Amino acid sequence: MLTIENYTKHYNGVLALQIPQLALPKGIFWIKGQNGSGKTTLFKSIAGLLPYEGSIQLEQGFSGKTQPQAYRMLINFGEAEPVFPDFLTAKDLVNFIAITKKASPAQKEKLINTLGITDFYHKPCGTYSSGMLKKLSLALAFLGNPALIILDEPLITLDDQTVQKVYTLINEYYASGVGFLLSSHQNFGFSSLAIQATYVVSQQTIHLQHEL
Ligand SMILES: Nc1ncnc2c1ncn2[C@@H]1O[C@H](COP(=O)(O)OP(=O)(O)OP(=O)(O)O)[C@@H](O)[C@H]1O
C-alpha cells in the first residue's frame, strides 16, 4: 500500500520524526503515540500536506513529490480537529471535494445520509458543533476513489451511533480495496474493525507494536 524510505522531518532545524524504512501492505493500521510524538506529522507528510526529506511512495507507483496530483487523488485525509471557513456550508465543501476527487453523485448522497449531515447541510460551518464538524470532515475523507484513507482521531466528539457508522464505512471501503491509517487515543473496537497491526510513534520514529 505504502513504502517510506529515508524519511526525516525537521521543524525549524529540530528533528521531529525519522523513518529509515517502512513498508505497509494493504490493511487497516492503528498508529498510536503520546501527545507530540509525531503522528500528525507522519499523517500530513503521507497526505502530501507537509514538505519532508526522503521518499513516500504508493504501491501504484506515485510519489507526492514527483506526481503530486495523481498521488493526492489516491490519498484522503481527515484531520483530528477540522477547521473550515465559517461562511462555507457542508454543501459547498462536499460539492467542492466531490468535484476535485471525482466522486459520483450516489457516493456523495450516501455519505451525507450515513453520517447524518442532511440536517445542517445548508447551514454555514461557523454554526456547527464540534461533532457536526467531525461528521463533515469524515464525509469529505471518504469521497472519491482513494487507495488510502488517513483518519486522525476519527472518533473524537462523535456519539456512539455515529462511531458505529464510521466503523461500517471503514469496513465497506476496506472490503473494496481501500487501506486505512487510523490514530486514536481511545480504543478502537477490535471486534468492529479488522485492524491488521498497531504501530507506535515514539522517540522520533515508528515501531511495530503488535501484529493481529
Ligand atoms: N508547525 C510546527 N512547528 C514546530 N514544531 C512542530 C510543528 N508541528 C508539530 N511540531 C512538533 O513536532 C512534534 C510532533 O508533533 P505532532 O503534532 O506530529 O504530534 P502528535 O503525535 O500528532 O500529537 P497529538 O497526539 O498531541 O496530536 C512535537 O514535538 C511538536 O511540537
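How many bridges join strand S3 to strand S8, and do they run parallel or antiparallel? Strand S3 (residues 28-33) and strand S8 (residues 197-202) are joined by 5 bridges and run parallel. Lys32 stands opposite Val200 in S8. Strands here are DSSP runs of E with at least two residues, and helices are runs of H or I with at least four, numbered from the N terminus. Two strands pair if DSSP finds at least two bridges between them.

This is a predicted model, where local features need pLDDT of at least 70 and side-chain atom pairs count only at pLDDT 80 or more, while totals for chains, interfaces and linings use all residues. Residues are numbered from 1 along each chain as its sequence is written.

S8 also pairs with strand S9 (residues 205-211), antiparallel, through 6 bridges. Ala197 has Glu211 as its bridge partner in S9. S8 and S9 form a hairpin with 2 residues between them. In that turn, Gln203 has a positive phi of about 50 degrees.

## The open sheet

An open sheet is formed by 3 strands in the order S2-S1-S4, with antiparallel pairing. Strand S2 (14-24) and strand S4 (53-58) stand at the edges with a single partner strand each, so one side of each has no neighbour in the sheet. The twist averages 20 degrees from one strand to the next.

Strand S1 (residues 2-11) is joined to S4 by 5 bridges. Leu2 has Leu58 as its bridge partner in S4.

## Helices H3 and H5

The axes of helix H3 (residues 90-100) and helix H5 (residues 130-141) come within 10 Å and cross at roughly 15 degrees. That makes H3 roughly parallel to H5 (angles under 35 degrees). Axes are lines fitted to C-alpha atoms, for helices over the stretch in contact, and angles run from 0 to 180 degrees between N-to-C directions.

H3 contributes Ala90, Leu93, Val94 and Ile97 to the contact. H5 contributes Leu136, Ala139 and Leu140. Contact means C-beta atoms, placed from the backbone, within 7 Å. By class, the contact of H3 with H5 has 7 nonpolar, no polar and no charged residues. Nonpolar means Ala, Val, Leu, Ile, Met, Phe, Trp, Tyr, Cys and Pro; charged means Asp, Glu, Lys and Arg; the others, Gly among them, are polar.

## Around the ligand

The residues surrounding the ligand include Tyr11, Asn12, Gly38, Lys39 and Ala80. A residue counts if its C-beta atom, placed from the backbone, lies within 6 Å. The shell divides into 3 nonpolar, 8 polar and 1 charged. Helix H1 (residues 39-46) gives the largest share, 3 residues.

Key. Angles under 35 degrees count as roughly parallel, over 145 as roughly antiparallel, 65 to 115 as roughly perpendicular and the rest as oblique. Two residues are in contact if their C-beta atoms, placed from the backbone, lie within 7 Å.
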